Amino acid sequence: MVSSQRVAVAESEPSRRLYRLDEIHRHNSTADSYWVYYGTSVYDITDWVPNHPGGEVILRAVGGNIEPYWNIFTIHKKQEVHDILEQYLIGEIDPRDLVEGKAPNDEVDDPFKKDPERSDALIVRSSRPCNAETPKDQLETFITPSDQHYVRNHLWVPPLQDAESHRLTIELNDGTEKEYSVRDLRNNFQHHTITATLQCSGNRRAHMSAEAQATSGLQWDVGAISNTEWTGVRLRDVLRDAGLQVDELPEDVKHIQFTGAEAYGASVPAIKALDRYGDVLLVFEMNGQPLMPDHGYPLRLLCPGHVAARSVKWLQKITVSEDESWSQWQRRDYKCFGPNQRSDVDWDRASSIQETPVQSAITSISTIAKDRLANLRLAQVYGLEEDIVRVAGYAMSGGGRGIIRVDVSPDNGRTWQQARLIKDECKGSKSWSWKRWEIAFSKHDLAKCVVVKAIDDSYNCQPESFPATYNFKGNLATAWHRVPV
Ligand code: HEM
Ligand SMILES: Nc1nc2c(c(=O)[nH]1)N[C@H]1C(S)=C(S)[C@@H](COP(=O)(O)O)O[C@H]1N2
Ligand SMILES: [Mo]
């Protein structure tokens with residue numbers, strides 16, 4: 001029912017009026033402003049569209065009811081989203097178009113209905129879109145099994161294209177285009193295999209929220225990270241074939257933009273994308289098998305050493321450009337601001353996250369009784385004969401910088417020891433994979449918190465605490481990881 005108060009507001013406010021439903025539907029095709037309705041209210045969301053964190057997908061709702069979309073994209077079911085919408089109120093639906101006080105509910109297509117099945121072991125943070133982290137026990141193997149790789153989807157998984165028929169379009173800086181099928185890429189270019197870790201820029205965000213202040217976005221623990229053996233062809237080789245002078249870049253080539261089949265987009269600097277030792281690949285296999293649907297089948301970009309947001313899945317288009325990608329996720333997300341800055345920031349003033357800083361995390365703390373120490377290498381390394389506590393985890397850095405040391409404190413930072421770094425078979429021109437580590441303490445040495453921090457080969461180290469690196473988006477949460485004992 002339209003409350004009489006609402007109608008009164010609509011009538012008393014000169015710019016607010018009553019709208020017939022067919023006027024709202026028709027408005028879409030005839031005007032350069034965007035109208036939607038929600039409940040019985042009408043909104044002009046034109047100014048919000050360029051600011052929408054979900055990007056242009058919002059345009060699907062224009063001319064109709066946004067409620068069925070929000071029933072699918074449940075991320076909107078919170079007060080702050082309703083508050084944004086209210087700012088764009090322009091009036092009410094004419095009561096003549098309401099049935100029992102309600103606007104008719106439009107049927108909309110659920111874009112998630114073709115999403116693939118997933119392992120039950122993944123820790124789900126949101127289901128539509130699917131965002132799920134790798135369980136802790138799987139963070140201790142060098143190669144993450146493909147079905148245990150964390151999933152970070154901003155939208156839906158685009159319906160499976162056939163690997164043979166899926167086409168990639170490359171647009172050069174002079175506007176010329178060339179097309180390749182995945183079969184062309186596979187057959188006509190040299191294959192390369194590298195091991196590389198993908199880490200979401202939100203990994204450990206929950207720790208920043210807990211130890212500094214609330215952050216917006218998915219509250220990941222330590223599992224928005226995984227390590228994989230990827231096989232594909234060099235982006236450099238394909239761009240050269242498409243006609244780009246890869247060794248002497250034209251002045252107007254600064255960024256390579258990538259677009260996914262659902263609408264996601266991002267870019268990386270051309271000097272990284274074309275670096276002979278940068279190992280930027282167009283990937284069609286993970287761990288010796290075709291890519292899994294969630295991870296980009298049939299083709300994804302793999303930009304090792306950079307934040308995972310740049311490794312665009314379901315790759316459909318590459319654009320050689322003077323500009324960064326214009327997508328929401330390049331320009332209005334995946335940036336960091338100062339601890340004092342809030343959501344009304346000037347996004348253009350911060351640079352996009354590309355290479356990532358040094359990171360580490362504890363993935364398990366377990367007690368091993370002294371009668372089980374015989375032949376346990378770890379106990380020998382640390383010369384322990386009593387009951388021991390084994391602490392294990394991962395460390396990694398961006399830009400191909402290797403991990404040279406991992407310091408672990410059993411007593412909240414009072415004393416430190418060096419973890420044993422586990423040797424693994426890494427492939428690629430630089431250090432693109434995480435380093436697994438383990439350490440043992442005598443049970444009596446533990447006090448309050450176990451703490452870890454890692455150092456990379458440029459001697460970068462992690463910040464001690466979260467408040468100093470707090471940013472409202474909760475990106476790059478890399479402060480020392482503390483786990484209470
Ligand atoms: C005026 C109407 C809308 C408003 C005010 C709005 C507002 C927002 C806000 C504030 C977020 C960020 C939420 C968060 O980070 O917790 C968001 C995300 C999102 N919205 Fe909307 N939205 C609207 C309509 C829509 C519609 C109609 C769709 C789909 C057809 C949609 C799809 C999405 C998606 C996919 C995201 C997630 C983006 C990501 O994870 O990067 N939105 N929206
Ligand atoms: N097309 C497309 N590519 C994408 C994304 C996406 O939502 N759509 N998410 C990005 C982000 S933010 C991350 S962290 C990684 C996650 O890759 P994964 O799901 O294979 O772990 O993919 C990146 N590439
Ligand atoms: Mo991400």
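How many salt bridges does the structure hold? The answer comes in point 5, after some notes on the ligands.

1. Ground rules. This is a predicted model, in which local features need pLDDT of at least 70 and side-chain atom pairs count only at pLDDT 80 or more, while totals for chains, interfaces and linings use all residues. Residues are numbered from 1 along each chain as its sequence is written, chains are lettered from A and ligands numbered from 1 in the order in which they are written, and side-chain values use heavy atoms, with hydrogens and water left out.

2. Ligand 1 and its contacts. Around ligand 1 there are 22 residues, counting a residue as near if one of its heavy atoms lies within 4 Å. H52, H76, K78, H154 and W329 are the closest. Several polar contacts (pairs of N or O atoms within 3.5 Å) can be listed here. The side chain of H76 has an N or O atom 2.8 Å from a nitrogen atom of ligand 1. For oxygen atoms of the ligand, a polar side-chain atom of K78 lies 2.5 Å away, and one of W329 lies 2.9 Å away. Helix 3 (67-72) and helix 4 (79-86) are the elements that give two or more residues to this shell; helices here are DSSP runs of H or I with at least four residues, strands are E runs of at least two, and both are numbered from the N terminus. Helix 4 gives the most, with three residues.

3. Ligand 2. Here the shell has 19 residues, of which Y150, E262, H295, R300 and K313 come nearest. It divides into nine nonpolar, five polar and five charged residues. Oxygen atoms of ligand 2 lie 3.2 Å from an N or O atom in the side chain of H149, 2.6 Å from one in H295 and 2.5 Å from one in K313. The protein covers 100% of the 530 Å² of accessible area that ligand 2 has on its own (Shrake-Rupley method, 1.4 Å probe).

4. Salt bridges. The structure holds 30 of them, each being a side-chain nitrogen of Lys or Arg within 4 Å of a carboxyl oxygen of Asp or Glu. One of them pairs R26 with D22, the closest N and O atoms being 3.7 Å apart. Both residues lie in helix 2 (residues 21-30), four residues apart, or about one turn of the helix.

5. Backbone spots worth a look. Most residues other than glycine have a negative phi, and most peptide bonds are trans. A cis peptide bond joins R128 and P129, with omega about 0°; P129 lies in the loop between strand 5 (123-126) and strand 6 (131-133). Another cis bond joins Y297 and P298, with omega about 10°, and P298 is in the loop between strand 15 (289-290) and strand 16 (300-302). E100, although not a glycine, has a positive phi of about 50°. You will find E100 in the loop between strand 4 (89-93) and strand 5.

Note on methods. Polar contact = N/O pair within 3.5 Å; in protein donor to acceptor, adjacent residues only side chain to side chain. Nonpolar A, V, L, I, M, F, W, Y, C, P; charged D, E, K, R; others polar.
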